[in-house]
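User: Can you walk me through the charged side-chain pairs in this one?

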Amino acid sequence: MTANSPIAVVIGASSEIAQATIAKLRSQQKVIAISRHRQRHPQPNVCDWQCDYSEASIVAMTDLLTEVGGDINRVYIFNGVLHHSDQFPGKRVEDIDATAMLASFQSNSVVPILWLKHLLPVLSGKQVCSLTVMSARVGSISDNHLGGWYSYRASKAALNMLIQTAGIEYARRAKNVALLCFHPGTTDTALSKPFQSNVPAGKLFSTDFVAQQLLYVSEHVHPICGAHFLDWQGNKVDW
Ligand SMILES: NC(=O)c1ccc[n+]([C@@H]2O[C@H](COP(=O)([O-])OP(=O)(O)OC[C@H]3O[C@@H](n4cnc5c(N)ncnc54)[C@H](OP(=O)(O)O)[C@@H]3O)[C@@H](O)[C@H]2O)c1
């Protein structure tokens, strides 16, 4: 990788939406794909880095990004967990489980904001850059009319607040960076699989479509004080 060639950084790269995004990005530019898992099939123009998302491991990654050099023009953070094989999202208050809730906050809110903590000095500079986290409309407090999914909702709402707050600080310290909380719509991945029967016809999107919308929307955001919260059409979502 040569210095000054634009680089895209994709975190949580094993996500099915991330994989579709990488497939599109790598035809345009170099991609650094970061995941807990090494990708099975190396792809041209993609460097795979492994990270366990401990803070030490995130620091090791951001140090490496500094060493690699080059201008980073896009960062995507895909991390997000809705359910495990033995743990479904709670519908009733009785379903709340402290251990599961803390795990949800760790992967959905804490990991992304740790990245923003350590990426700030790496991204701050002249290169205009978008930094997108995968949020969800269910994390909108004002749009919550259905209830349920306590941990996932709350951890995405926390993510939104963390990114909005970081956006105010980035506007002072990394003016070149636009922050975006992105709602992809219901997308056909393992994450949504158990809930797809409730999705209205035509509203279950392919990863390829969502990746295309994500690239388009993130390319057109500009730095503001605070963060954008936009859906797959580029429409504002209420915080
Ligand atoms: N699919 C949908 O309908 C939908 C709707 C709204 C929002 N979203 C959001 O979009 C994002 C990607 O979703 P997806 O459907 O592509 O999901 P997915 O294929 O299940 O991907 C899961 C993601 O979470 C990360 N992850 C898993 N366990 C983790 C842990 N213990 N700690 C930290 N990270 C962990 C994975 O990173 P590794 O690469 O390290 O494994 C991967 O990036 C998520 O944030 C999700 O909440 C999805």
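Predicted model: local features only at pLDDT ≥ 70, side-chain atom pairs only at ≥ 80, totals over all residues.

User: How many salt bridges does the count come to?

Analyst: The count is 6 salt bridges. The rule wants a side-chain nitrogen of Lys or Arg within 4 Å of a carboxyl oxygen of Asp or Glu.

User: What does Lys24 meet in a salt bridge?

Analyst: Asp208, at 2.9 Å, N to O. Lys24 is in helix H1 (residues 16-25) and Asp208 in helix H5 (residues 207-219), so the pair links parts 184 residues apart in sequence. Helices are DSSP runs of H or I, at least four residues; strands are runs of E, at least two; numbering starts at the N terminus.

User: Now Glu219 and Arg74. Which elements do they lie in?

Analyst: Their side chains form a salt bridge at 3.3 Å, N to O. Glu219 lies in helix H5 and Arg74 in strand S4 (residues 72-77), so this bridge ties parts 145 residues apart in sequence.

User: Is Arg74 buried or exposed?

Analyst: Buried, at 7% relative accessible area. Glu219 is exposed, at 52%. Buried means under 20%, exposed over 50%, partly exposed in between (1.4 Å probe, protein chains only).

User: And what is the N to O value for Glu55 and Lys117?

Analyst: 2.6 Å, in another salt bridge. Glu55 is partly exposed, at 32%.

Methods
Residues numbered from 1 in each chain as written. Heavy atoms only, no water.
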